[in-house]
Amino acid sequence: PTFVPVPVNVVSGAGPITVPFAVNVSAGGGQEGVTGNEASQEVSVLSWEFVWDEVGGVWCDGGTYDIVFNTGAIDPNAEREVFRLQCLDACIADPACSYVSFYNPQFSNPECSRAPASCVPSTPPVQQPFELNYYTLYFLPRSKFVQQPVLSVAPVSPGAPERHGLISFEALADTFGDVRLLVTLADSGGAAAEAGSFNVSTTREVTVSISSRNVAPIFDLAVARVAFNSTSSSASANVVVLPAAVQNVSAGAGECLCGPLGGGCVDALFGCQTVSFSVGGVETLSGGRPGSTDLFARFEVEPVSGNLTFAPAPHWSGTFRVTVRVDDDGDAAKGGAEVGGVSSSTRDFVLEWSIVNERPTFSPNLFVEFPQTNETERGLVRTHLALGNLT
C-alpha cells in the first residue's frame with residue numbers, strides 16, 4: 001500500500017478535531033490499489049509513533065528528576081544505543097513521562113531519568129565545555145495533547161471515492177510547535193490471498209503544526225468623561241494626570257502578566273507577557289479638527305499605578321471620543337505569529353477640551369512729536385506708536 005502525507009495545521013485550544021493526514025491511499029500502489037485487482041483490499045493504520053525531539057547539551061533547569069529509569073556501566077561501543085533505546089521505551093511505557101534526561105559521562109556510565117512535566121530546558125552548569133556532550137534531553141510530544149491522536153483510514157464511499165487517512169486529536173490550549181509522527185499502513189492481502197500475506201507501506205512522516213492562540217489582554221477605564229479648560233497654547237503647560245484611571249490590567253484569561261501586576265505568575269511553557277498602551281483612535285464629536293491621533297502631544301499609561309497622563313497638542317479644542325488601546329507581546333512569547341487569537345483590546349472615554357480666550361494685552365512704547373514751525377501749524381501733531389510684548 002502507498003499514501004501521500006499531507007500537513008496538518010491546527011490552532012491550540014480549538015477542541016477535538018478530525019482532519020486528513022494522508023491522501024491517495026492505495027492498497028497496491030497507483031491505480032492497481034484504487035480500481036484494479038487490489039482495490040477490494042482493506043487498508044488500515046498498522047502503526048504510528050511520535051518522533052522524539054532531541055537536544056544535546058541541555059538538561060532540565062535545576063537538574064531535578066522524578067525517576068531514574070536505568071543506570072550502570074556499559075560497553076560504550078556495543079551497548080550505548082541499546083541502553084538509549086531502552087531508556088526511551090521506558091518513558092513511552094510511562095503515561096506520566098514526557099521528558100527524558102540522558103546523562104552519559106565519559107560515554108561509559110550512562111544514566112536515564114524521567115524529568116518532571118514542568119521541565120524548563122537549560123544549559124547545565126559545567127566546568128569544562130566538552131562536558132556539554134554528556135547531556136541530552138529528549139521530549140516526547142504526547143504532552144501537547146489533551147486527547148492523544150487516533151489515526152485511521154476512511155473507507156471508500158459514494159461521497160468519498162478515494163481512500164484517505166484521518167487523524168483525530170485535541171491539542172492543549174497553551175501549546176504550539178510542530179509534532180512529527182511516523183506512520184505505517186497495511187493492507188488486508190485480499191480475500192483470495194494466503195493468510196498472513198498482507199503487505200505494509202513505506203513508513204512516512206506526518207507533521208502536525210500547532211499554532212498558538214493568544215488571548216486578548218484586558219483592562220478597565222475608571223473614567224468615562226473628562227473636561228478640562230486650558231489657558232495656554234503650550235503642550236507642556238497642559239499636562240493632565242488621571243490617577244488610577246486604568247485598572248484591572250491583565251494579559252488575558254489564563255495568561256501571565258510580567259511584573260508586579262502578574263503577582264509573580266509564570267506560565268510553565270511561555271513565561272509571562274508584557275503590555276503597552278497607546279492611542280487607538282480619536283473621533284471628533286464637536287469642534288476641533290478631523291479625528292486624528294495627533295490630538296495628543298503626550299499620552300502614556302503607567303500600568304502599575306494605573307495613572308493616565310496626557311497633554312493635548314497646541315491649538316486643539318472640542319469634544320472627542322478617545323480610544324485607549326492595550327497590546328501584549330503574546331505572539332513573541334509563544335514563538336511567532338498567533339493564529340485565531342488577538343493581542344489587543346480597547347476602551348474609550350470622552351474628552352472635552354476647551355481653550356479659554358483671554359483678553360489680549362500689550363506694553364506700549366509711545367512718543368509724540370510736536371514739530372511747530374509757525375503759528376499756523378500749531379494744531380499739527382505727529383504720533384508714533386510702537387507696540388511691544390503683544391499677547
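Modeller: Contact means that heavy atoms lie within 4.5 Å. The model under discussion is predicted.

Colleague: Which residues does Arg298 touch, leaving aside those up to four places away in sequence?

Modeller: By that definition, Arg298 touches Val239, Thr309, Phe310 and Ala311. Arg298 itself is placed in strand β21 (residues 296-302). Between Arg298 and Pro312 there are 6.9 Å in space, C-alpha to C-alpha, and the two are 14 residues apart in sequence.

Colleague: Why is Arg298 called partly exposed?

Modeller: The relative accessible area of Arg298 is 35%. Buried means under 20% and exposed means over 50%, with partly exposed in between. Arg298, at 35%, therefore counts as partly exposed.

Colleague: Where does Arg142 lie, and what does Arg142 touch, not counting residues up to four places away in sequence?

Modeller: Arg142 belongs to the loop between β11 (135-139) and β12 (145-154). The residues in contact with Arg142 are Phe50, Cys91, Ile92, Asp94, Pro95, Cys97 and Gln148.

Colleague: How do you know that Arg142 has no salt bridge?

Modeller: The nearest side chain of opposite charge is that of Asp94, 5.6 Å away. A salt bridge requires a side-chain nitrogen of Lys or Arg within 4 Å of a carboxyl oxygen of Asp or Glu.

Colleague: Which residues line the second largest pocket?

Modeller: Its lining consists of Trp48, Glu49, Phe50, Val51, Trp52, Ile92, Leu140, Arg142 and Gln148. Strand β4 (residues 43-50) gives the most to this lining, with three residues. The volume of the second largest pocket is about 170 Å³.

Colleague: How many cavities of 30 Å³ or more does the structure hold?

Modeller: There are two. The second largest cavity has about 40 Å³ of space, and its lining is made up of Val10, Val11, Gly13, Ala14, Gly15, Ile17, Phe169, Glu170 and Ala171. The elements that give two or more residues to this lining are β2 (8-11) and β13 (163-171), and β13 gives the most, with three.

Colleague: Why does the lining of the second largest cavity have two polar residues?

Modeller: Gly is counted among the polar residues. The lining includes Gly13 and Gly15, and the class count is therefore six nonpolar, two polar and one charged.

Methods:
Residues numbered from 1 in each chain as written. Predicted model: local features only at pLDDT ≥ 70, side-chain atom pairs only at ≥ 80, totals over all residues. Heavy atoms only, no water. 1 Å grid on protein atoms, 1.4 Å probe; cavity = no way out; pocket = protein on both sides within 12 Å on 5 of 7 lines; lining within 4 Å. Points joined across faces, edges and corners; volume = space filled by probe spheres on them. Helix = DSSP H or I, 4+ residues; strand = E, 2+ residues; numbered from the N terminus. Buried < 20%, exposed > 50% of the residue type's maximum accessible area, 1.4 Å probe, protein only. Lys, Arg positive; Asp, Glu negative; His and termini not counted.
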